[in-house]
Each structure stands twice: as structure tokens, then as C-alpha cells.
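Work through the exercises below with the sequence and the 3D structure at hand. Try each task before reading its solution.

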Amino acid sequence: MNTLLLHISKNEWKSLLRGKWVVGYGLIFLLLTDSLLRFGGGGPEALLSLSNVMLLFIPLVGMIYGILYIYQSREFVELLLTQPIDRKVLYWGLFIGISTPLMLAFVLGSLLPLGWHGILMVDSAASAMVLGLGAVLTLIFVSLGFLFGLAFYDDRIKGFGFTIVVWLFLAILYDGLVLMLVFTFGQYPLERFVIAVSMLNPIDLARIMVMLEFDVSALMGYTGAVFNRFFGSGLGTIAASSMLTLWLAIPTWIGLRVFNKKDF
Amino acid sequence: MIEINDLKKSFGNLEVLKGMNLAIPKGQATGIVGPNGAGKTTLIKTILGLVKPDSGTIRVNDITLNGNWQYRRDIGYMPQVARYPENMKVFELLEFIKGLRKQEALFEDELIEQFNLGPELEKFLRTLSGGNRQKVGATLAMMFNPGLLFFDEPTAGLDPKASQKFKQRVKNEKENGKTVIITSHIMSELEQLVDYVIFILDGNIRYYGSMKNLLTESNEERLEGAIASMMDVA
């Protein structure tokens with residue numbers, strides 16, 4: 001069963017590497033990280049800038065990539081489903097096959113410049129945190145893209161529209177909306193509410209973890225600041241990372257259920 | 001063999017299969033005909049496990065379908081639209097499916113020769129013509145020597161020569177005792193390939209019997225006329 005999964009994943013890897021644009025995606029992060037380190041001051045500042053870019057773009061690229069795969073490979077997936085293999089194995093094989101190259105492109109693209117500028121040795125914990133968060137976000141958003149592709153299987157325009165709206169909401173509008181709520185209901189004790197709300201957004205969670213690592217609450221939005229005050233650094237990181245794990249587990253699990261029950 | 005009992009399937013408000021009963025014995029060559037949207041493809045997809053029925057049972061080779069997959073070891077399916085990953089070469093696709101099925105590809109070389117796919121093997125699938133892609137689909141369906149063969153509009157994109165070769169191949173499979181199921185809108189083709197006809201209309205089976213019977217009953221000489229007159233009655 002596992003060899004079968006690997007067989008499916010390997011096929012996607014080969015196909016993606018040939019497509020070359022995953023390599024291009026990695027190169028963008030390579031150039032970005034390198035120039036941030038060259039021109040942007042010291043290691044922590046560069047890492048912080050990198051994580052800001054990452055928090056914005058990885059979710060978008062991941063989701064578009066996941067949904068595009070479902071739409072482009074429709075007939076092929078249907079052909080594979082008529083073969084004597086378990087749908088679950090096929091789902092995991094495809095998911096791992098398409099999400100890991102994207103993840104690796106980001107990790108390698110950012111890791112190499114961090115290595116040759118010597119940051120990896122100096123700020124190793126912070127570097128590992130940023131790279132790890134980017135990797136997890138990639139997996140989360142590819143799985144969301146997969147899920148949206150399956151949910152809007154016959155209506156691509158709706159699927160893409162929904163994806164863009166979800167991205168705008170999570171990556172851009174969310175923190176502003178929370179801030180607005182806090183301003184409106186400023187007289188009430190809102191700390192717990194804000195924490196609960198930030199748990200519901202994986203991008204926010206990742207942002208909070210970056211913030212806790214670099215201790216720069218002022219730069220990282222309102223929810224982050226509250227989070228820091230409430231949990232402190234250690235517990236906050238644990239709480240945020242366990243929530244991120246849930247964010248990875250739940251969409252992939254729902255995706256598996258949808259895939260398993262779907263009429264193709 | 002295939003046994004279907006009171007099979008129902010709706011997509012939203014649309015009832016596509018309205019309680020179908022069907023038994024196709026081993027070794028029979030059957031054509032499925034009916035107007036567009038009658039439920040032909042849905043029926044085949046349900047047997048293949050692509051579509052999950054709302055109610056009713058399907059048994060393939062005495063295995064009741066319940067989301068299991070092992071029964072598909074004995075099934076070969078050639079889809080109506082053959083689209084494959086663009087960045088894959090033909091031989092890579094064949095290797096990939098072989099690795100998935102883990103069955104001996106008994107007829108691989110024979111089919112490649114018959115369909116003249118040898119010069120195409122090193123090409124990327126995106127550069128293949130529609131007809132050649134269909135041939136790849138036919139090769140994938142038949143190369144593992146399955147007992148049950150499904151062809152969905154098989155000759156739609158094939159040139160006359162390839163179409164002739166395909167038909168010859170299907171006839172051979174039939175003679176070797178395979179169960180063959182074909183959907184097609186080309187009645188003359190079905191006349192050559194199948195002995196039994198299933199006529200589906202609005203999610204129900206309107207006629208299921210031998211081709212000869214159908215022609216005698218409807219006083220027609222050709223299948224086309226017989227089917228057309230059944231559509232008129234309906």
C-alpha cells in the first residue's frame with residue numbers, strides 16, 4: 001500500500017519537475033532571500049521580511065496550485081480511479097505528490113541563501129521557524145485548494161473565485177476586521193475572543209508564531225499582540241503550533257472524505 | 001459477469017438512473033445505446049465505482065460493490081475523452097499504470113504493434129493527436145488481459161484504419177471469452193461488434209435482448225432503424 005502511494009507521488013514529482021515552474025517558484029524565493037540578506041540589514045530583519053512575503057504569497061500560490069491540479073487532471077484522476085486501487089491511497093499519493101515539491105521549492109529556495117550568508121548558523125532557531133512555517137502553510141493551503149477543487153468540481157469560475165475570496169479574507173482582511181471589532185466593542189473584555197478568533201486563521205497563527213519568535217508584536221498585527229500578552233512566548237508557540245497542526249489535519253481529512261464519497 | 005439490482009442514482013433533482021435491473025453474463029458482448037443524457041455513461045461509471053449509487057446493488061464477478069476496489073483488477077476501461085498529464089511520455093504512462101496495477105501486461109507489445117504506437121512511445125502525451133491518445137487508452141484498457149472490458153464511444157476519434165484494427169481486436173477479445181460492453185452512437189459499429197443491445201431511455205432500460213430479436217421484433221433490417229423507431233415510440 002505504501003509503495004503504491006509512493007509510486008503515485010513519484011509520478012507527480014517527475015511531471016512537476018518537468019513543468020519547471022515549481023523550479024521557478026523556488027528561484028523566486030532564492031532571489032528574494034538573497035537580496036533581502038544582501039541589502040536588508042542583518043539576519044533577523046531579513047527573516048522577518050521573508051516571513052511577511054511568505055505569509056502573503058504561500059497561501060495564494062498553494063491554493064491556486066491545489067485547485068488547478070484538480071481541474072487540469074480531471075480526466076487523468078478519473079482514469080486512475082478506474083484502476084484497481086484504493087481511493088484513499090490515490091488521494092494521499094496525489095496530495096503528497098503535488099504538495100511536497102512546492103514545499104521543497106520554498107524551503108530550498110530560502111534555505112540556500114540563508115546558508116551561504118551564514119544566517120543559518122547564527123539565527124538557527126528563527127530560520128528553522130520561518131522555513132518550517134512556510135512548509136506547513138504550503139501543505140495547509142494546497143490541501144484547501146484540493147478541497148475547493150473537489151467541492152466546485154464542475155464550476156471552475158466559482159472555484160477560483162471562492163479561492164481568491166478566501167485568500168483575501170484570511171491574508172488581508174482578517175486582521176483589519178478583528179481590529180474593527182475590537183474598536184467597536186472596546187469597552188468589553190475581548191482578550192479571549194481575539195485569541196479564539198486568531199486561532200481560526202492559519203495565516204494569523206503563523207504570523208503570531210513569527211512574532212513570538214522575534215518578539216516584535218508591534219509589527220505583526222493586533223491579534224499577535226494580544227496573543228503574546230495572554231500566553232507569553234513559550235506557551236503561545238505551543239498553542240499556535242498545535243492549532244496549525246489541526247489546520248493541517250482537518251482540511252486534508254475533509255478532502256479525503258469528499259474524495260472518497262465523490263461521484264466523478 | 002455483472003448483476004445490477006434496482007440501481008438508483010440522482011444528481012441533485014435530476015434522476016439519472018431510475019431503478020435499473022440488469023444481468024450481463026460472462027462472455028457476452030453488449031452494446032449500450034440511448035439518446036444523450038439517458039444515463040449510459042452514469043451506468044458504466046457506477047459499475048466502475050466512479051459514481052456511488054443512491055440505492056440498489058451491483059455485483060461484479062460475484063463481488064458486491066461497496067467502495068471496494070479489488071474487483072477492478074478484472075476490468076479494463078477506455079474512457080470517452082482521453083486526456084493525460086501533459087508532461088508525461090507515452091511509455092511512462094504505460095509504466096505508471098503497470099506499477100499501479102501490479103499485473104502482468106500480457107498484451108502490451110501486441111497492442112502497441114497493432115495500433116502502431118511504437119513511434120509514439122517516446123513522445124509527450126500533449127503532442128499526441130486525439131486519435132493516438134484514444135489508441136493509448138485502448139492499449140491501457142486491454143493490455144492487462146482483463147475479463148471485463150468497457151469502451152465508452154471508442155472509435156469516435158479514430159481514423160478508419162485504426163478503427164478497423166480496434167474492431168478486429170475487440171472481436172478477438174470477444175472470441176476469447178471476454179465480457180465486452182460498448183457504448184456508441186454509431187449503430188453500424190455496434191452491429192459488427194455486439195450480440196446484445198441495451199437501450200436506455202430516461203434512466204430506465206427500455207429494451208435488453210439480442211440484436212437479432214430486436215431486429216425481428218421491430219421489423220427493421222438495421223439497428224439504426226430499430227433504435228430510431230424505439231425512440232419514436234417513447
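The exercises that follow concern a predicted model and go from a whole chain to single residues and pairs of elements.

**Exercise 1. The make-up of chain A**

Task: State how many helices and strands chain A has, and say why its radius of gyration agrees or disagrees with a compact globule.

Solution. 
Step 1. Count the elements: chain A has 12 helices and zero strands. Read from the N terminus, the elements therefore run α-α-α-α-α-α-α-α-α-α-α-α.
Step 2. Take the extent. The C-alpha trace of chain A spans about 55 × 45 × 30 Å along its principal axes.
Step 3. Compare with the globule rule. A compact globule of 264 residues would have a radius of gyration near 18 Å, and chain A has 19 Å, so the value agrees.
Step 4. Look at the interior and the contacts. Of the 264 residues in chain A, 44% are buried. Among contacts in chain A with a separation of 6 or more, 79% are between residues 24 or more positions apart.

**Exercise 2. One residue of chain A**

Task: Decide whether A:Leu90 is buried or exposed, and find which residues it touches beyond four places away in sequence.

Solution. 
Step 1. Count neighbours. A:Leu90 has 21 C-beta neighbours inside 10 Å, and the cut-off for buried is 20 or more, so A:Leu90 counts as buried.
Step 2. List the contacts. Leaving out residues up to four places away in sequence, A:Leu90 touches A:Ile8, A:Leu80, A:Leu81 and A:Ile85.

**Exercise 3. Where chain A touches chain B**

Task: Find how many residues each chain gives to the contact, and which helix of chain A gives the most.

Solution. 
Step 1. Count by chain: 20 residues come from chain A and 21 residues from chain B.
Step 2. Assign elements. On the side of chain A that touches chain B, α1 (2-19) and α4 (74-81) each supply at least two residues. The most comes from α1(A), with six residues.
Step 3. Sort by class. That side of chain A has seven nonpolar, seven polar and six charged residues.

**Exercise 4. Two packed helices of chain B**

Task: Give the angle, the axis distance and the handedness for α7 and α8 of chain B.

Solution. 
Step 1. Read the geometry: α7(B), residues 211-218, and α8(B), residues 223-233, pack at an angle of about 65° with their axes 9 Å apart.
Step 2. The crossing of α7(B) past α8(B) is left-handed.
Step 3. Name the residues. B:Met211, B:Leu214, B:Leu215 and B:Ser218 of α7(B) meet B:Leu223, B:Ala226 and B:Ser229 of α8(B).
Step 4. Sort them by class: five are nonpolar, two polar and none charged.

Definitions and conventions
Residues are numbered from 1 along each chain as its sequence is written. Chains are lettered from A and ligands numbered from 1 in the order in which they are written. This is a predicted model: local features need pLDDT of at least 70, side-chain atom pairs count only at pLDDT 80 or more; totals for chains, interfaces and linings use all residues. Axes are lines fitted to C-alpha atoms, for helices over the stretch in contact, and angles run from 0 to 180 degrees between N-to-C directions. Helices (H or I, at least four residues) and strands (E, at least two) are DSSP runs, numbered from the N terminus. A crossing is left-handed if the near helix is turned anticlockwise from the far one by less than a right angle, and right-handed if clockwise. Two residues are in contact if their C-beta atoms, placed from the backbone, lie within 7 Å. Ala, Val, Leu, Ile, Met, Phe, Trp, Tyr, Cys and Pro count as nonpolar, Asp, Glu, Lys and Arg as charged, and the others, Gly among them, as polar. The radius of gyration is taken over C-alpha atoms; the globule rule is 2.2 Å times the number of residues to the power 0.38. A residue is buried if 20 or more other C-beta atoms lie within 10 Å of its own, exposed if 12 or fewer, and partly exposed in between; C-beta atoms are placed from the backbone.
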